[in-house]
Every structure is written in C-alpha cells, then in structure tokens.
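Please consider the following structure with its sequence at hand.

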Protein chains: 2
Amino acid sequence: MKKQVAIGIDVGGTNTVFGFVDKEGNCIYESSIITNAELNANQLFERLFKNINDSFIIYRDIYELIGIGIGAPNANYYKGTVEQPPNLNWGYVNVLEIVKKYSPLPSAITNDANAAAIGEMIFGAAKGMKNFIVITLGTGLGSGIVVNEDLVYGADGFAGEIGHTIVDPNGRECGCGRKGCLETYASATGIRRTVYELICKNNLPSELRDIGFNQLTAKNIFEAASRGDKLALDAFDYTAKILGLKLADAVEHLSPEAIILFGGLALAGDLILVPTKQYMEGYLLNIFRNKVKIISSALLGSNAAVLGASALIWNELKK
Amino acid sequence: MKKQVAIGIDVGGTNTVFGFVDKEGNCIYESSIITNAELNANQLFERLFKNINDSFIIYRDIYELIGIGIGAPNANYYKGTVEQPPNLNWGYVNVLEIVKKYSPLPSAITNDANAAAIGEMIFGAAKGMKNFIVITLGTGLGSGIVVNEDLVYGADGFAGEIGHTIVDPNGRECGCGRKGCLETYASATGIRRTVYELICKNNLPSELRDIGFNQLTAKNIFEAASRGDKLALDAFDYTAKILGLKLADAVEHLSPEAIILFGGLALAGDLILVPTKQYMEGYLLNIFRNKVKIISSALLGSNAAVLGASALIWNELKK
C-alpha cells in the first residue's frame, strides 16, 4: 500500500512554497516558485501545479496524494476565497475553484496564521492541547485561535485578527487605515518603530543609531540586544509590555492552555518570551495567573508554513 | 406521558430564585428564597430543595423533572465548583456534590453570564446562531461566548471574562484588585462613576448633582437621559464609547454574528445600543464592519436568570 502525503502550499507576496507532507509531519519534498504578485491567481496556480506534478513523478510509485492544503493572505476557509490580499494583485478570487481546474483532490484554504495554528496542533507545540492561541510575529501580527480542538473561524470565516485589536485609538498608524493596532507595536515592523521612538526620546548610545529605518531589521535589534545594547533591550521590553497587555485580554476571552509565538520576532526566544510572560501575568485577572504557558513554535524552520498548510488536510481527515 | 421540565436555579448574593422550565422556555412556576450569604452552601441547598420539593407537589402528576441547571457567581462548569464568590461566604465548594445529597437528577452549574448565553441560544435572541457573545451589564460586566454552538469554557472552565479586559492600565480601581478593567466603565456601577467624573469635569447643570453616589442608580441616569439631561446623555455616550472599543476587540478575536446585551444597563435600550454600535463600527477592522448586530436580550424579565439556568440542562440534552 502506498504511503499517504498531503500537498502543503504557502502563498507569499514574493515566493510560493509547496511540499509533500506525511501524516507524521515529515516533509518528504519541498520547493518554491516566484509568486509574481502582479499576475492573477489563475496564472500562479497553473505554473504551480505544473511544478507540483513534475516534482511528484519520482514519488508516485511509493506515495499517494490525498489532498491540498493552502495558506494564503486574507483567505476565507468557508468560502474558499482570497479577498483583497495586501501584497497580491488578485482582488476577490475563489481559489478553491481555480485549484479544481488543476487537480481533483480535496482542497482547503485558510490564512497563514490559521494554518500555523493547525500545524502546531497536528505536528507541533500544541499536540494534545484543546485550547490554545498561535501568534505569528512577522511583518504584521497574525493569530489563529483554537477552542475545543477546532479553529475559530467565527460567523464569517475571518475570526482571529488579534493583531488589529486596539492598544491606543490615538496610537501609531496601521496599514489597515486605523490607529494603534497591536501589530503596529508587536511585530517585526513594530519593534523597528519602537527603536526609532526610543532613539528620539532618549540619549542612550546604540549601534542601531547607524542604521536607516528601511535597512533596520528585527534581526539587527535582536543581535544588538544579545550584545547588551541597552536601547535594543528596551525595545524588546516595550514590545513585550504591549504584547503582554493584549495577550492578557485574549486570555480573559478564551482561557487557553498556551500561547505559541511563531515567526521572525519569535526567533528572539527568551528575549521576547520571558518579558512577555511577565507582563502578561501582571495584567491578568487573578484566576488566570500562572496557568497559561507562552512557548515558541515547534514548527520553526524553513518548511513551517508548508507543514501548517498540509495540516489543514490532515486535520480534515481526523474529523 | 408527563411533560418534561428542568429546574433552573439562580444563586444571587441576596435572593436565590428557582423555577420549572419546559423545553419551549415556558416557566411554569417560579419562586425565591433569601440566600443568607453568610451561611455555607449546604445550608442554602438544604432549604432550597425543601422549597423545590414542596413547590413541585402540585405539578408531579403532570410534569416530570429531568435535571437541575444552576447559575452562580464564580462557578466552574468543568469541576462543578464555586470558587471564592465575592458576595457569598462559601469559600471553595463543590456545589454539584452538595446537590447530589438532595436530588438524584443530573445537574450542571456555570456562572450567571454563561447561563444567560445558553439561555439566549436555547430560548432567546440567539436562537439559530452559531457564534455570538452575551454581555451582562449589571453591577459588573459578565460575558458568555459561544463558538460553533458551544459555550467557550477554555482550558480551566473560566473563559469569558471580557469585563476584566483592560481599557487603561492606569485607570479606575476595579474590585478585582487591578486597574482600568472594562467593567469599571461599562456596567451599572461604571456609568455611576462616569456621572461623577463628568460632574467633576464640567459645569453642566444636571438633576444628578442632587444624588449621593451610593443613592445614584443606573435607572436614575437612564431617566435623566430620557428627559434630555445633557450630563446623563454624555455619561451614556462615554460608556458606549469604551464598550464599543472593547467589543471591537472581542469581534476581532471571535467574529460573532451578534452581541447581545443583557441586564440592568441593557434596559436603557437604544440609549446604550445605538451609540455602542456606532463606536464599535468606528473601531472595527474593515472586514468586520456592518456585519455584527448589537441587540437586546430576549430574556428580559423577572425569570431571565431561571430560564438561563434551566437552559444548561436543555442544552446538555441536545448533545
């Protein structure tokens, strides 16, 4: 009998990554193509499935494909659509209908943070958990919420936008058109803004004063902090304070067993995990204190997004 | 064949109300006893079941009792306990074990806001909805969250404390020992505090300036506002602004179909519903705008709490 694998696809603004993932979360093959964000969705999937089919030829005697899981920005699980994605010139498009043109396999789509949450549940740090939240700290802040072992999609399929809860209605301008959203503080972009705010406010010497805003990365800040740069350390502390405040709100809604941090800024490890946990505990109602773990993703690594996308299919089969 | 009814019990700091409720939400009998908050839980339930049994005698030839649903402060659905309730001298007590001494019927317990949410789902304004939030605006602010037709209890049974999400970490002192919790602004007590803050801040004439803080009620403020008292109207507007801000956060977590307002302050109707909705829309991420209804409870009336408590049992039977 052939061994079963699911196709995991992660659509990004620059590259689209795909791979074949077995039930245990082993990625037996992974590759990527350029997304070409200015072209429409059909053109991407036509090229993508040519690549997938070519890649699978050498596996087809041993493996059987069982489904296609897709992570994409602004994806709607209920409708199979992607709606006005910020980095792709797609407009409103039904992706699952396009996929049907190229493959008869069952398929499912959700946004990347939701895919990460299902990936953690099936293969990663949330194995065995029934209630948890995944926070992706990349360019923005995404979130996937799991309640009673099911991803929370809400009435319209768009639930889990913790990055757009409001820290301060008069705060930093957000890409969404509003002000003071959590992601303007707690994300790779947010911590860069915090570094620049601290440079304005105080006279601490810092190696970060030599880097232009567009050149500054979360990695620069992490490396400076690791070398003891006080301004960089203060930037992590401020990020953790705001994140801890809003994660306390999330806990008061949902009382999860754990909050899992995923993505670029999460790579800073204890520099972000430890103070975020401390601040969150300080902001929590007493009945929730010392109950909720804050941990790193167990899907860190190059194929985390593909594992997450494929987990969508493995999760459907479990039902 | 006898018609089935569930016993609904609502334990309050002053009175404990009980009633017999059929599958359609008709309360065929309701009564109450004094709680005696300084006595222990066993003493309450001993008196209560004597009353329940005496009351049921005239119904027993026509009706059959099928279970006992209880709403009580700080109740934990998973454990059957009540833990350090603020207005009762009970400490930590397993209520369902006590109930077993007096009745062999199946029983379930949860806090009053969760009972209200299940009541709305089974008998009230949320009939047919899969995702909604009930907010109880009484002395404090309670909440019950329903996702995929199930109440969200979280990992520990205490989920749904939206009243203790933080508006301002340096804000008003809360009974929970922290500062700036939503319920210090949006509740019957919160709007009284707002009236006093407005009296301090401005020189608007108002009939509310003649009422001591301890004598001032949400009803006074509602009646003054209904007569066009500008200060009272401003108090409703400020309450709605803060509530709208934090309900937007809740929508961004959960994307519910509706938010249902229940309890004392909700009786103000459009005075609170309309501006809360307006502010919430202004604070919402664009994808959630004009989707979420804010409506009044359909359980308003003297036996709302009993209906909610009995609905716990009717809901278990549906599973």
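In which strand of chain B is the place of B:Ser296? The model, which is a predicted one, puts B:Ser296 in strand E13 of chain B. B:Ser296 has 18 other C-beta atoms within 10 Å and is therefore partly exposed, since a residue counts as buried if 20 or more such atoms lie within that distance and as exposed if 12 or fewer do. Leaving aside residues up to four places away in sequence, B:Ser296 touches B:Leu261, B:Ala266, B:Gly269 and B:Leu273. B:Ile28 lies 268 residues away from B:Ser296 along the chain, and the C-alpha atoms of the two are separated by 24 Å.

A second residue of chain B, B:Leu284, is located in the loop between helix H7 (270–283) and strand E13 (293–296). B:Leu284 counts as buried because it has 23 C-beta neighbours inside 10 Å. Its contacts, not counting residues up to four places away in sequence, are with B:Ala248, B:Val251 and B:Arg289. Between B:Leu284 and B:Gly212 there are 72 residues in sequence and 37 Å in space, C-alpha to C-alpha.

In chain A, A:Phe18 belongs to strand E2 (residues 15–22). With 25 C-beta neighbours inside 10 Å, A:Phe18 is therefore classed as buried. When residues up to four places away in sequence are not counted, A:Phe18 touches A:Ile7, A:Gly8, A:Ile9, A:Ser31, A:Leu48, A:Ile52 and A:Val306. One of these contacts, A:Ile7, is 11 residues from A:Phe18 in sequence, with a C-alpha to C-alpha separation of 6.9 Å.

Two loop residues of chain A deserve attention for their backbone angles. A:Asn74 is not a glycine, yet its phi is positive, at about 55 degrees. A:Asn74 sits in the loop between strand E4 (63–71) and strand E5 (75–76) of chain A. Because 18 other C-beta atoms lie within 10 Å, A:Asn74 is partly exposed. A:Glu149, also a residue other than glycine, has a positive phi near 70 degrees. A:Glu149 lies in the loop between E10 and strand E11 (150–151) of chain A, and is partly exposed because 15 other C-beta atoms lie within 10 Å.

Which residues of helix H2 (residues 95–102) of chain B are buried? They are B:Val95, B:Ile98 and B:Val99. These residues cover an arc of only 100 degrees around the axis, and therefore lie on the same side of H2(B). The elements of chain B against which the buried residues of H2(B) pack are helix H1 (41–56), strand E4 (63–71), strand E6 (81–83), strand E7 (92–94) and strand E8 (107–110).

For H1(B) and H2(B), the axes are 10 Å apart and the packing angle is about 35 degrees. The crossing of H1(B) over H2(B) is right-handed. On the H1(B) side, B:Ala41, B:Asn42, B:Phe45, B:Glu46 and B:Phe49 meet B:Val95, B:Ile98, B:Val99 and B:Tyr102 of H2(B). Sorted by class, this contact comprises seven nonpolar residues, one polar and one charged.

In chain A, helix H4 (residues 188–201) and helix H6 (residues 230–254) have axes that come within 9 Å and cross at roughly 125 degrees. H4(A) and H6(A) are therefore oblique to each other, and H4(A) passes H6(A) in a right-handed crossing. From H4(A), the residues A:Gly190, A:Ile191, A:Thr194, A:Val195 and A:Leu198 meet A:Leu231, A:Asp234, A:Ala235, A:Tyr238 and A:Thr239 of H6(A). This contact of H4(A) with H6(A) has six nonpolar residues, three polar and one charged.

The contact between the chains draws 35 residues from chain A and 36 residues from chain B. On the side of chain A that touches chain B, the elements giving two or more residues are strand E10 (141–147) and H6 of chain A. H6(A) supplies the largest share of that side, seven residues. By class, the residues on the side of chain A that touches chain B are 19 nonpolar, nine polar and seven charged.

Key:
Residues are numbered from 1 along each chain as its sequence is written. Chains are lettered from A and ligands numbered from 1 in the order in which they are written. This is a predicted model: local features need pLDDT of at least 70, side-chain atom pairs count only at pLDDT 80 or more; totals for chains, interfaces and linings use all residues. Axes are lines fitted to C-alpha atoms, for helices over the stretch in contact, and angles run from 0 to 180 degrees between N-to-C directions. Helices (H or I, at least four residues) and strands (E, at least two) are DSSP runs, numbered from the N terminus. Angles under 35 degrees count as roughly parallel, over 145 as roughly antiparallel, 65 to 115 as roughly perpendicular and the rest as oblique. A crossing is left-handed if the near helix is turned anticlockwise from the far one by less than a right angle, and right-handed if clockwise. Two residues are in contact if their C-beta atoms, placed from the backbone, lie within 7 Å. Ala, Val, Leu, Ile, Met, Phe, Trp, Tyr, Cys and Pro count as nonpolar, Asp, Glu, Lys and Arg as charged, and the others, Gly among them, as polar. The arc is that of the directions from the helix axis to the C-beta atoms.
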